[in-house]
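Please open the model in your viewer and keep the sequence panel beside it. The stops below say what to select next and what is to be found there.

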Amino acid sequence: MSTRSLTLALALLAGLAMAAAPALAQTPGVTATEIKIGNTNPYSGPASAYGTIGKVISAYVKKVNDEGGVNGRKINFVTLDDGYSPPKTVEMVRRLVEQDQVALVFQTLGTPTNSAIHKYMNQQKVPHLFVATGATKWGDPKNFPWTMGWQPNYQAEGHIYAQYALKNVKDPKIGILYQNDDYGKDYVKGLKDGLGEAGRKLIVMEQTYEVTDPTIDSQIVNLKNSGANVFFNVTIPKFAVQAIKKSHDIGWKPVHLLNQVSASVGVVMRPAGAEASRDIVSTQYLKDPTDPEWDNDAAMKDWRAFMAKYYPEGNTKDAFNVYGYLVTQTLVHVIKQAGNDLSRANIMKQAANIKDLSLPLLLPGIKINTSPTDFYPIEQEQLIRFDGEKWVRFGELYDASKK
Amino acid sequence: MTRPQTTDAPALAASSPAARAAFGFWRIVGFVVLFAVALALPFLLSNFRLFQFTLVFVYAIALLGLNILTGYNGQISLGHAAFYAVGAYTTAIMIDKWDVHYALTIPVAGVLCLVAGFLFGIPALRLEGLYLALATFALSLAVPQILKYFEHWTGGSQGIVLSKPAPPLGLPLTPDQWLYVFSLAILVILFVLATNLLAGRTGRAIVAIRDNPIAAQAMGIHTALYKSLVFGVSAAYTGVAGALSAITIAFVAPDAFNVFLSITFLVGIVVGGLASISGAIFGAFFIQFVPNWAQDISKAAPWAIYGIFLIVFMYVMPRGIAGTIRLAWARLGRRLL
């Protein structure tokens with residue numbers, strides 16, 4: 001390389017650097033016409049049943065953009081497959097933040113996967129909003145001010161089941177089946193806290209499974225033999241179906257408390273069979289699309305029209321598709337509320353400043369609230385019982401924030 | 001049964017000594033250029049790309065380990081994710097529990113896996129071919145669950161979160177640039193060691209056992225000892241790679257070390273080139289980048305696209321990338337000289 005061409009190259013580089021400098025002052029991913037949002041979802045791998053959430057979010061974003069975007073900005077939603085593998089999540093999220101330069105990361109799915117990026121997001125000071133996991137650790141504004149959950153957390157839900165069992169079951173003997181990770185243990189902790197010191201003795205057996213296990217048949221048999229008359233079932237959909245079928249097949253008829261994670265009629269209850277899944281109790285915070293009660297509900301009609309137009313291949317019986325729709329509405333609310341200041345700090349500030357937001361597809365009375373010290377957006381839940389066809393609500397709203 | 005061939009032998013045997021000398025010369029030039037480029041990259045690429053390249057180096061070390069075992073010695077392993085996990089957890093636990101300097105954990109991970117691999121290699125002596133593949137497959141299945149069992153040490157399925165190391169001596173590098181250089185250095189050291197190991201007497205013995213174990217024994221090679229040692233060395237390489245991966249990703253969780261990772265390694269050495277040292281690097285590029293490309297091409301069916309890539313690669317380059325390059329070079333050399 002001659003001196004002249006070297007000089008030229010250096011000059012070019014300097015020019016590029018200067019051209020890039022003003023852009024650094026703004027939030028990455030935000031222009032006058034666009035806000036770029038990143039996401040990872042398990043489109044492949046063991047948890048791919050959740051992949052529909054990523055798809056319904058993409059569809060809802062398309063609808064928002066067709067209607068003119070948020071404050072005149074279109075949302076550019078970049079979603080990548082991490083196969084539910086933590087190292088892949090790290091790679092994909094680093095790509096989103098550092099290469100694709102997204103303004104924020106939204107709805108990354110899974111507890112181990114989000115754990116892998118938790119520290120990174122907070123070091124980079126990139127909003128890590130409304131993660132798709134109910135673990136309790138996502139609401140820790142003191143140590144992780146850039147991370148926020150969305151759905152009711154697992155401990156709060158475990159609490160409700162404890163109160164239900166204490167109040168409604170005579171001489172309860174509780175058997176627990178849970179996934180051997182944070183998610184499962186969170187639920188069990190919630191249940192134990194809810195039972196209190198004295199109530200803990202009511203737990204006659206705890207069984208666990210690994211997400212990689214092929215079946216949980218032996219655990220169900222053990223639980224039956226323990227003499228438990230309350231079954232606290234903390235499993236993801238695939239294992240929930242197995243648990244419901246197996247306990248029915250071996251003639252075990254406890255009071256069956258199924259975690260909300262698997263309370264999907266389309267994915268769990270129907271495949272398990274009407275007879276086997278009758279009288280199972282769970283909790284709910286959103287309107288179930290299979291519940292005929294909502295057939296004439298305006299919000300449900302809007303959602304069906306949305307599904308038909310933007311996500312026709314999606315399952316309209318799958319509550320995950322309602323979930324994805326609602327969580328994206330919450331995000332849109334935050335971006336709208338942030339107005340023209342889409343700095344990362346302001347997005348986070350607005351996410352922590354949601355006041356009594358009621359979305360039409362949430363159950364009546366449930367409102368989303370956050371504050372700088374409260375990073376748990378949804379804290380109210382409703383008990384429901386399966387009648388063989390659909391979930392039926394019963395009892396009052398339970399509010400975990402008013403313990 | 002056809003055995004994998006040392007890729008350079010048939011191609012170069014047919015060429016003249018002059019071509020062979022030219023090949024040797026250009027090969028050295030090629031490595032020097034490659035090394036220079038590799039050293040320049042940290043100052044040209046973004047931190048994210050450097051992170052990806054660091055992962056390529058990590059995979060290359062693991063693939064080299066597996067290639068020594070499978071490519072050179074003919075023992076098939078579907079269990080190398082297990083050694084990778086042992087390496088990763090050794091590092092993670094030492095840093096997390098005892099605050100050991102990250103660089104010191106790497107040789108420990110290597111030695112631990114050397115011993116583990118050697119010990120596993122002894123019973124494995126009784127198993128050949130597909131039976132060995134199944135035994136190692138079992139190892140792969142067992143390790144994630146064992147890791148979850150010792151929750152006190154391993155953090156259970158929650159894993160262990162680490163911090164990225166800062167560059168030493170106040171070097172003006174980002175953590176990603178530093179890790180890139182650090183992994184590259186380890187990669188070069190391990191590749192030089194492997195080249196020396198495989199080029200001499202020991203290497204010939206290892207290959208002889210693969211090609212004809214009875215003849216090898218008749219010539220005085222202690223087959224059993226060699227096979228177990230090769231297993232140990234192979235595991236040690238993979239363990240070092242696992243240790244580096246823990247430092248690079250700054251997180252370990254049992255579900256990351258599943259059977260699929262073992263199969264990915266096997267794919268890597270076959271695509272890169274069996275019984276080839278440079279093949280490990282090509283294979284590492286393949287397993288790191290091709291799944292991402294597949295996803296960019298089709299969000300709906302990335303693994304179908306990946307499968308197509310794999311079939312095309314195997315069809316077009318049956319000897320792997322390294323084998324194809326050598327063959328092409330030999331043909332070119334014959335024509336020119």
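**Chain A as a whole**

Begin by selecting chain A and colouring it by secondary structure, which comes to 13 helices and 11 strands; helices here are DSSP runs of H or I with at least four residues, strands are runs of E with at least two, and both are numbered from the N terminus. Before going further, note that this is a predicted model, in which local features need pLDDT of at least 70 and side-chain atom pairs count only at pLDDT 80 or more, while totals for chains, interfaces and linings use all residues. For your selections, residues are numbered from 1 along each chain as its sequence is written, and chains are lettered from A and ligands numbered from 1 in the order in which they are written.

With the C-alpha trace of chain A displayed, its extent along the principal axes is about 90 × 45 × 40 Å. Chain A has a radius of gyration of 23 Å, which agrees with the value near 22 Å that a compact globule of 403 residues would have; the radius is taken over C-alpha atoms, and the globule rule is 2.2 Å times the number of residues to the power 0.38. Of the 403 residues of chain A, 52% count as buried, where a residue is buried if 20 or more other C-beta atoms lie within 10 Å of its own, exposed if 12 or fewer, and partly exposed in between, with C-beta atoms placed from the backbone. Among the contacts in chain A with a separation of 6 or more, 69% are between residues 24 or more positions apart, a contact being two residues whose C-beta atoms, placed from the backbone, lie within 7 Å.

**The two domains of chain A**

Next, colour domain 1 (31-151 + 294-372) and domain 2 (154-284) of chain A separately; these bounds come from an automatic or database domain assignment. The C-alpha centres of domain 1 and domain 2 of chain A lie 29 Å apart, and 13 residues of domain 1 are in contact with 13 residues of domain 2. On the side of domain 1 of chain A that touches domain 2, the elements giving two or more residues are α4 (111-124) and α12 of chain A. The residues on that side of domain 1 of chain A divide into 7 nonpolar, 4 polar and 2 charged, with Ala, Val, Leu, Ile, Met, Phe, Trp, Tyr, Cys and Pro counted as nonpolar, Asp, Glu, Lys and Arg as charged, and the others, Gly among them, as polar.

Now pick Gln329(A), which lies in helix α12 (residues 319-338) of chain A. Gln329(A) is partly exposed, because 18 other C-beta atoms lie within 10 Å.

Move to strand β10 (residues 380-386) of chain A, where 6 of the 7 residues are buried. Strand β9 (residues 281-284) of chain A runs antiparallel to β10(A) and is joined to it by 4 bridges, strands being taken to pair if DSSP finds at least two bridges between them. One bridge to select links Gln284(A) with its partner in β10(A), Gln382(A). Strand β11 (residues 391-399) of chain A is also antiparallel to β10(A), with 7 bridges between them, and there Ile384(A) has Arg393(A) as its bridge partner in β11(A). In the hairpin of β10(A) and β11(A), 4 residues lie between the strands, and Gly388(A) takes a positive phi near 100°.

**Thr79(A) and the side facing chain B**

Select Thr79(A) in strand β2 of chain A. Thr79(A) is buried, because 23 other C-beta atoms lie within 10 Å. Leaving out residues up to four places away in sequence, Thr79(A) touches Asn39(A), Asn41(A), Gly54(A) and Ser58(A).

Then show both chains: 23 residues of chain A are in contact with 23 residues of chain B. On the side of chain A that touches chain B, β2 (74-81), α3 (86-99) and α4 of chain A each give two or more residues, and the largest share, 8 residues, comes from α3(A). By class, that side of chain A has 8 nonpolar, 6 polar and 9 charged residues.

**Chain B**

Finish with chain B, whose secondary structure comes to 15 helices and 2 strands, and whose C-alpha trace spans about 60 × 50 × 45 Å along its principal axes. Buried residues make up 48% of the 337 residues in chain B.
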